[in-house]
Amino acid sequence: MNTAGKVVRIGGGTAFFDDSFYGHPALIAAGVDYVVYDYLAELTMASLASNSAANPGGFSPNFLRDIEAYLPGILQSGAKIVTNWGGLNPQGAACALQAMLDRLALSARIGVVEGDDLRPRLGQLRSRGIRDMFSGAPLPEHQISSANAYFGGFPIAAALAAGADIVLTGRVVDSALSLGPLIHEFGWTPADYDRLAAGTLVGHLMECSTQVTGGTFTDWEDIPDPSDIGNPIAECRADGTFVVTKPEGTGGLVSIGTVAEQMVYEVSDPQAYFVPDAVCDFSGVSLCQDGPDRVLVEGVRGYPPTDTYKVCATYADGWRAQVYQPIVGMGAAAKARRQAELLFARSNRILRDRNAPPLRAAHVEVIGAETSYGPRSRAQDAREVVAMMSVDHDDLAGVEVFLKEQVCAISAMAPGTAIGLAGNLGRGARPLMHIFSFLLPKVEFTPRVTVGGRELFPGAQADQTFAAAMIARPGEPPVPSDREAEATVPLVKLAWARSGDKGNLFNAGVIARNPAYYPYICAALSAEAVAEWFAHLVDDPKHARVDRYLMPGPRALNFVVHDSLGGGGSLCARIDPLAKAMAQILLEFPVSVSSQMKASLG
C-alpha cells in the first residue's frame, strides 16, 4: 500500500452522549474523511442499563434525533461515520439507523462491531473468582446490568475494509474510533506499535471534541468566540505524525496549550497508557505551533499491548436521593450544615420507628462556601449558599422518607431557607449504580463484524506482550538554584492544567507555559505536596496516595490522586463527581521562584 503523501482528515463530532451538534455545518464544509462520535462512558453504560424507559433498545435514541439534520450532508460529502453509539445493543442501533436512512431515502452500508457483551458468561465468571482490579472485591451477586470488554481499532478497520460507510460499535476504547480508520487507510499492522500509539493519541485528542479546540482551557477568557467554537480536525499521515486544527472561521483556539491539556487528560501513567492495540508513551511528545490554529504532534512512542482486555460491569445496589436547598442570611454555611445533620437524624428516626434500616450514607456539600477547597476555603462567611444533600438507602422507600421530610425545613428549621412553591432547586431519586472493573485474556473474546449481512472475525494479534521493563523513566530536571522561599507565585502563572476522573481516583495534568518554568514546577509539585493539597478529599487523609509522572517532551507532569472520589462515578456525592474542577484547585498552589521571575510574571 503506497501511502506516501496521503493525509486522512478525522473530525471530532461529539464528546459525550448528549453533546451539541452546533458545529457540524462548519465541520462538514471543512471537508473530512471521517466523523467520529464518542457516545459512551462508564456512567453512560450504567444509565443505558438502568434507565430502560428512556433507552428501551439499550442505546440512546437522542443520537438519531441529533444527527438527522446533518446525516445527508455527511454522506453526500463522502465522509464516513464511526461511533460507539451502539451501546448495549449495536445490532438494534443499526436497525434503528437503517430505518432512518430508509425514511430519508439515503443509501449507506452499516457495519456493526460486537462481541464485547459478557452478560451471558457472568455465571461462569463468578465461578472463576473474578475480582475488581482496583478494590479486590469479588464479582457481586447482584443483577449485573451490563458487562462489556473494551475492544480496539482493528475490528473497526475490518468493517471499513468490507465497505462500511457507517460503523456502529458497542464498548470500544474511545480512541479506537479514530485509530480504526487510520489502521484501514494506512494499512498499519498489529506490530506497528509507534504508529498505533500515535493513532491512539489522535483518538484521545478527538474523543472529547471541543475540549481540544479551547473548551475548558485554563485561559478560557482568551478563547476567541467560544459560542461558535469549532470542532477539531486531525490531519493524519502514515508515519504517525498529525496536525490538530479546526474549521477556518470558527471560534475557539488550537494552540500548544489546548492540545497539551487534552493530551494529559485522564491518562494516569502517560508512559503506560493502556489500550487494546498498544501501550502508549506520551512522555516524549513534541508539540509545535504550525500556523494559526494548527499544532503539529510528533514523537509518540508505542509498546506491544497487554494480552488482556479491560471489562467494565455495572449493577444497581440501593437508591440515592439528592436535594438542593437555598439558604440565605448571616451564617448561611453553618446553617446549611446544621440543617442537613438535623434532617438526616430526623429521617433515621422515622426509619427506625418503621423498623427499617437506617440510611446507608448521608452527605452534605455547601455550594458557595468553597467546600471543595477544604481548609483553604475563603467563603465560610458567605451569606447565600445552597445545601446539596444526598442520602443512600437499600430501598426506594427509604430515600423517599428523606425527600418527604426535608421539605419541613422551610417551616421547622433554619431561617432563610428559601424553598419555593415548586420545591427545591432540584430533587429526585435514582438507583445507585456501581462499577466493577476487571481484566480477562484476549483469547477468550471473538470480536464480530457484520457488514451487509456478511460476518467477519478479525483476529489481529500482536506477536509480543508488554512488559514494564520496556519503559525508560525520565530523570528529574535540576532544581533551580535561584528559588526563594518568600518569592512565590500561584501555579496558574506558570502552567496550564486539566483534570478528570477514573473510577475512584482523579488525574491532574500540569503543563509548563514556558520550558523555563518546568524545573520550578517540578521542584514544587512533589507527590507529597500534592497529596497534602488534596488530603481533605481522599478517603483516608492520613494516608493520601499520589502517583507523579514526568513528561519532559511537552514539559508536563501528571498526578494520580487515589481514593479521592467517594467511590467514583455515580457513587460520588460531591458537586464535582467527575473531578473536572480539581485542576482549578491545584492551579492556586504556591510555587517558589526567583524574585526576578516573580517580578516578570506580574
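**Figure 1. The side chain of D269 and the backbone of Q271.** In this predicted model, a polar atom of the D269 side chain lies 2.9 Å from the backbone nitrogen of Q271. D269 belongs to the loop between helix 10 (256–264) and strand 9 (273–275), and with a relative accessible area of 11% this residue is buried. Once residues up to four places away in sequence are set aside, D269 touches R473 and Y549.

**Figure 2. Aromatic pairs, with F21 and Y70 as a stacked example.** The structure as a whole holds 19 aromatic pairs. In the one formed by F21 and Y70, the ring centres are 6.0 Å apart and the planes meet at 20°, so the pair is stacked. The pair links distant parts of the chain, for F21 sits in the loop between strand 1 (8–14) and helix 1 (24–30), while Y70 sits in the loop between helix 3 (62–67) and helix 4 (71–76), 49 residues apart. F21 is buried, with a relative accessible area of 6%, whereas Y70, with a relative accessible area of 21%, is partly exposed. Ring pairs also join F21 and Y70 into a cluster together with Y37, Y39, F59, F63 and W85.

**Figure 3. The tilted pair of Y273 and F282.** The ring centres of Y273 and F282 are 5.6 Å apart, and their planes stand at 50°, so the pair counts as tilted.

Figure 4. For V297, leaving aside neighbours within four places in sequence, the residues in contact are L201, T241, F242, V244, V259, V285, S286 and L287.

Figure 5. Within helix 2 (residues 42–50), the residues T44, M45, A46 and L48 are buried. The cover over the buried residues of this helix includes strand 5 (144–149), strand 14 and strand 17 (426–441).

Figure 6. Strand 14, which spans residues 308–328, contains Q325. This residue counts as buried, at 0% relative accessibility, and its side chain makes a polar contact of 2.8 Å with the side chain of Q339. To give a sense of scale, Q325 and A108 are 217 residues apart in sequence, and from C-alpha to C-alpha they are 51 Å apart in space.

**Figure 7. Charged side chains over aromatic rings.** R121 lies over the face of F445, at 5.3 Å from the centre of that ring. In another such arrangement, the charged end of K442 sits over the ring of Y309, at 5.5 Å from the ring centre.

Figure 8. Side chains of opposite charge can pair when their charged atoms come close, and a search of the whole structure finds 27 salt bridges. One of them joins the side chains of R65 and D66 at 2.9 Å, N to O; here R65 counts as exposed, at 52% relative accessibility, whereas D66, at 16% relative accessibility, counts as buried. In the salt bridge between D117 and R119, the closest N and O atoms are 2.6 Å apart, and D117 counts as partly exposed at 29% relative accessibility, as does R119 at 32%. D547 forms a salt bridge with R545 in which the closest N and O atoms are 3.9 Å apart; D547 is partly exposed, with a relative accessible area of 22%, and R545 is likewise partly exposed, with a relative accessible area of 44%. Beyond these pairs, R9, E235, D290 and R294 are linked in a network of salt bridges.

Methods
Residues are numbered from 1 along each chain as its sequence is written. This is a predicted model: local features need pLDDT of at least 70, side-chain atom pairs count only at pLDDT 80 or more; totals for chains, interfaces and linings use all residues. Side-chain values use heavy atoms; hydrogens and water are left out. Rings of Phe, Tyr and Trp (its six-membered ring) pair if their centres lie within 6.5 Å; planes under 30 degrees apart count as stacked, over 60 as edge-to-face and the rest as tilted. Helices (H or I, at least four residues) and strands (E, at least two) are DSSP runs, numbered from the N terminus. Buried means under 20% relative accessible area, exposed over 50%, partly exposed in between (1.4 Å probe, protein chains only). A charge sits over a ring if NZ of Lys or CZ of Arg is within 6 Å of the ring centre and within 35 degrees of the ring normal. A polar contact is a pair of N or O atoms within 3.5 Å; within protein, one must be able to donate a hydrogen and the other to accept it, and residues adjacent in sequence count only if both atoms are side-chain atoms. Contact means heavy atoms within 4.5 Å. A salt bridge is a side-chain nitrogen of Lys or Arg within 4 Å of a carboxyl oxygen of Asp or Glu.
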